[in-house]
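User: I would like to go through a structure step by step. Could you take my questions one at a time?

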Amino acid sequence: MGNGARMTRAVATLGAVALVATACSGGGSGGSGDGESGGDVTLEFSQWWEPELPDGEFRALMDEFEDANPGITVELLSGPYASTKEQVIAGAAAGTMSDVVGLDGAWVNDFAKQGAIADLSSIMSDAGYDDSQLVSQVAVDGSTYMIPVVNFVYPMFTNDAVLSQAGVAAPPATRTEFADAAQKITGLGNNTYGWVLPLSLEAPNGVQNDVMSWVWASGGSMLKDGQPALVDNPDVSSGVEFVADLWDSGVVSPGAFTMKEQDKVEEFTNGRVGMMIDSLAHVNTIREANPDLKFSISAIPAEDGYTGERGIPYASWGIGISENSEHKAEAWKLVEFLMSKDTNSQLSSIAHAFPGNTESVPDFVEEDELFGTAFEIYQNGYPANEFTGLPVAEQLMRDFSEELQRALQGDQTVDEALAAAQEKWEAEF
Amino acid sequence: MITSHPTRARTDDHPVAVAAGPEPSGAPAPRRGLTLAQLRARFTPYGFLTPTGVLLIVLMVTPIVMVVQYSLMDRVITNKNPAFVGFQNYLEVLTDPVFTVAVRNTLVFTVGSVVAHFVIGLAFALLLNTPLLSHRVKAFFRVLYVLPWLFTVAIIAVLWRLLLNPNGVVNYLLGTFGLTDGQTQWLSDPSTALGAVTFINIWSGYPFFMISLLAGLQGIPRDLYEAARVDGAGWWGQFRNVTLPQLRPIIVSMALLDFIWTTQQFALIWMTTGGGPITSTEMLSTFTYKLAFTQYDFSVASAAAVVVLLLSMVLAFFYVRHQKARD
Amino acid sequence: MTTLAPTVATTTDRPPLRTAPKQTGRKIAVIAALVVGACFSALPVLWMLSSSFKRNPEIFAYPPRLITDGFSFDAYTTILTDPVKLRFFLNSYVVAISVTLLTLVVAVLAAYAFSRYDFWGKKTINVVVVSVQAVPPITLLIPYFGLVVALKLYNTYPGLILTYMVFTLPYAIIMMTGYFNTLPKELDEAVKVDGAGPMTALWRILVPISVPGLVSVGIYTFMIAWNEFLFALTLTRTEDMRTVPIGIQLLMGQHSYEWNEMMAMSILGCIPVLVLFLFFQRFFIGGMTAGAVKI
């Protein structure tokens, strides 16, 4: 008896709360400005780029786009890089994803499988777009889902002063030279180390940039026919053995197991490591932070005697279109704009990255010797990042990092680590 | 002996139906008007609980029910048409060796944190309650002591990563005073990582205990202490027989809540160690996160969450029973 | 600590019987203990403060120094002159203050029911209130987000406020029930004899003497709402709705961090909270409740 009354009351209150809630949200600033009327379209573009670029510069590019495309407005939604992924997943599940999204190559496969991002191949062909001007496209099952807008390559950075102090005449070009140089630098003492290796499990991209890069630089591959090939693969095992040998000889800066890319560059900037493999995005950071530090950029050392093309790892600011977007055609216009020769040159100039359009040339390549060298390395080698487009790519890196940590800790051999990682990887494919 | 002094009013830890809650036997009402009053009295508590109830049901119970649902399906979110798979996801979670490691680490982390939160919180609360110092001095220290509480987890993680860096302040100080060789890799060494993470959590969480206990100390009637002194109790006797028993309800509630919250601690661990090195700081929270957001297996992640929920419900049940027993 | 416990426990207004030298010794011991404790709690924060004045690379310099050559207020000026970041602060205030006030009202009502009534289902409701907190928020994220979008609360203040109330209510209810339980029921009965209803008893009698409890619960609630990150990020979309913790994480870039600005922003964030705390902490000062309880 009391139950009924209670229920009625509960239901009534629930209804009231819902009403209030709706009323509140109506008054809130939640209106996404769909603007169905008059053919005006507002594109939401969520990315982590805007806060990383000089103030207002990315917005200025968007204004240019709006001027060229009357009727389309771009709303930039910026979020922290580390949380972008969760936001895209949640947004896709709730149907509130932005029309255009910034992507990292490591996420593409998963988002495509989730049905969160649209097949760009068909959009491109609908728009009659000539994709030969694109440097690269990231495809899943034969269809493109992400286009790298700009690329940050990862060459080797060397501290000139530290190297000459240690009696190393030129940046090492082979693994033996590198190990030797690392040894000499560490021998200087005074808390200086030859190399730095970030293996954090939170952001495990050190596996891609600082470990696998050794394999790729000697033309090796960690995959075979799209499947993991970590065992019985001399390229991989020699590369990883090399890393383990460096570790065992004590030339790696301490704290590696929780170190992230952002920490790595601070160690280098403070002159505590002589050499690192790092993103060109850091050139300006280092210069601003420590104007006195003289450093050089060179290709990642290869196996002794290797003469082929060297793979050079990179990270991209990629772009994709939401599957739920009601304005795919307009969204594509924005992508096309960002990929166009001039805009792409401009964007890569302000981001200090290499362009995603084959014809674009960022101005810093000619003005800045260091970037000029880097561009040369980039053009002499080939961009290599085998994790891009793989399923659960981030988890693959994490699995690998965990097994590598076990090996470096001495709990298992490198071969055992590779076998264990192979097993985990196979389960994910 | 202290409690035997029936100083007024202190005996009613237990709520008594003040507003004439009708006895279950339900003595027949003499008049109709009274029955109505009785009926109203019976519904009054539900009225008081309505706002809470609506909020929790709509915003908490609903998503939890959805999580339970997810846990019985196959690859929700990523799979467009998930199938019902029964308890398979639970089997997968419970047989995962990393899950066992995570449970163990979570227990060490949680028990260590809660005990330390309590001990440090109580010690600081007692210190700050001292009658020996002026209000101004105490106010100054109160502000200092509450500081760790004022920061968002992300910044706590970043700050401690800096401090515990091999080239950081902690090592520098320890090395300078010759306590260690100054080379400890606090967060990156599998043997110290769990301890280091627990320490950070202790630092960031004790003010919560301290503040609540400080408020609790104000509520202890002074004549209880006087009575204890009359009985010849020394400082320890007073602490043991007056302070602790009087604070007990607060301590038990807070310990339980802190326990539940600490098992959920995610961001702090994730942003300092990411669950590593290897699996030395892998917790239930990081384990679940990786399942959901890097392996895209929301079903298995949900199953792991439900397991944690069930464990906590057992804990909550004992807590409520304990309260009942006190009545 | 053991040696300090007695002096502390004897919160007495009676003239102390002990001799003066003994008092002084105790005083020194208490102060020494307080200083040691303060090192533990405040030194890391001091380091945060010092880092906020450094240039980025100096933060990693070895040996570490408290004050460096690059000492400057640049990080603070950058933040304080950026309208977007100031908006983050405003949002955090609106949300945290609303959450605190609403949570206190709702929790006091519920706690009153738990403390003063016996009713059917009390035990079950209690178990539910305690254990709903046990679900890892990270797994709730997706269904919760869907719910908020469906209720049209996405990217609104009410969305954030109601969310945080769900987080803070269980604690607030449990603690307020505990405080009410320590207050004699004769208090509210006395009012009712005069014909007043339970609401009068609650708001006129119980609430005023529970101020220390309310303040401590309020501070806790405020801190949760002020510092929460994950839901704040997921449930908001545009810059004009985002809160300080998101602002801090926006400084953690893909390739590098703005260490000094992060530190400065969190220092700036904590100052108003400290002021609030300074204002309210007089309610912790001894004897208030104990005096009021005397009938």
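User: Which residues of chain B does UniProt annotate as "transmembrane region"?

Analyst: The unreviewed UniProt entry gives that annotation to residues 48-72, 107-128, 140-163, 193-215 and 298-320 of chain B. UniProt positions are stated here in the numbering used for this model, feature names are shortened, and annotations may be inferred rather than shown by experiment. Please note that this is a predicted model, in which local features need pLDDT of at least 70, side-chain atom pairs count only at pLDDT 80 or more, and totals for chains, interfaces and linings use all residues. Residues are numbered from 1 along each chain as its sequence is written, while chains are lettered from A and ligands numbered from 1 in the order in which they are written.

User: What is the chain like over residues 107-128 of chain B?

Analyst: Residues 107-128 of chain B are 100% helix and 0% strand, and their end C-alpha atoms are 31 Å apart. Residues 298-320 of chain B are likewise 100% helix and 0% strand, with end C-alpha atoms 32 Å apart. Helices (H or I, at least four residues) and strands (E, at least two) are DSSP runs, numbered from the N terminus.

User: Which residues of chain B are listed as a domain?

Analyst: The unreviewed UniProt entry lists residues 103-319 of chain B as "domain: ABC transmembrane type-1". That span is 75% helix and 0% strand, and its end C-alpha atoms lie 21 Å apart.

User: How many residues of chain A are in contact with chain B?

Analyst: On the chain A side there are 32 residues, in contact with 29 residues of chain B. Two residues are in contact if their C-beta atoms, placed from the backbone, lie within 7 Å.

User: Which elements of chain A give two or more residues to that side?

Analyst: They are α1 (2-27), α3 (84-94), α4 (108-114) and α16 (393-409) of chain A. Helix α16(A) gives the most, with seven residues. By class, the side of chain A that touches chain B has 10 nonpolar, 10 polar and 12 charged residues. In this scheme Ala, Val, Leu, Ile, Met, Phe, Trp, Tyr, Cys and Pro count as nonpolar, Asp, Glu, Lys and Arg as charged, and the others, Gly among them, as polar.

User: Now chain A itself. How many helices and strands are there in chain A?

Analyst: Chain A has 17 helices and 15 strands. Its C-alpha atoms fill a box of roughly 80 × 60 × 45 Å along the principal axes. Buried residues make up 54% of the 429 residues in chain A. A residue is buried if 20 or more other C-beta atoms lie within 10 Å of its own, exposed if 12 or fewer, and partly exposed in between, with C-beta atoms placed from the backbone.

User: What is the radius of gyration of chain A?

Analyst: It is 24 Å, which agrees with the value near 22 Å that a compact globule of 429 residues would have. The radius is taken over C-alpha atoms, and the globule rule is 2.2 Å times the number of residues to the power 0.38.

User: Which domains does the assignment give for chain A?

Analyst: Domain 1 of chain A covers 39-152 + 315-373, and domain 2 covers 156-312 + 392-428. Such bounds come from an automatic or database domain assignment. The centres of the two domains of chain A, taken over C-alpha atoms, are separated by 29 Å. Their contact takes 10 residues from domain 1 and nine residues from domain 2 of chain A.

User: How does the side of domain 1 of chain A divide by class?

Analyst: The side that touches domain 2 of chain A has six nonpolar, three polar and one charged residues.

User: Back to strands. Is strand β10 of chain A mostly covered or mostly uncovered?

Analyst: Strand β10 (residues 273-277) of chain A is mostly covered, since five of its five residues are buried.

User: Which strands are joined to β10(A) by bridges?

Analyst: Strand β6 (residues 156-159) of chain A runs antiparallel to β10(A), and three bridges join them. In that pair, A:Met156 stands opposite A:Ile277. Strand β7 (residues 193-195) of chain A runs parallel to β10(A), with two bridges. There, A:Tyr193 stands opposite A:Val273. Two strands pair if DSSP finds at least two bridges between them.

User: Lastly, which residues of helix α13 of chain A are buried?

Analyst: In α13 (residues 341-351) of chain A, the buried residues are A:Thr343, A:Asn344, A:Gln346, A:Leu347, A:Ser348 and A:Ala351. They pack against α2 (57-68), β5 (143-153), α12 (328-339) and β14 (354-355) of chain A. Just after α13(A), A:His352 takes a positive phi of about 55°.
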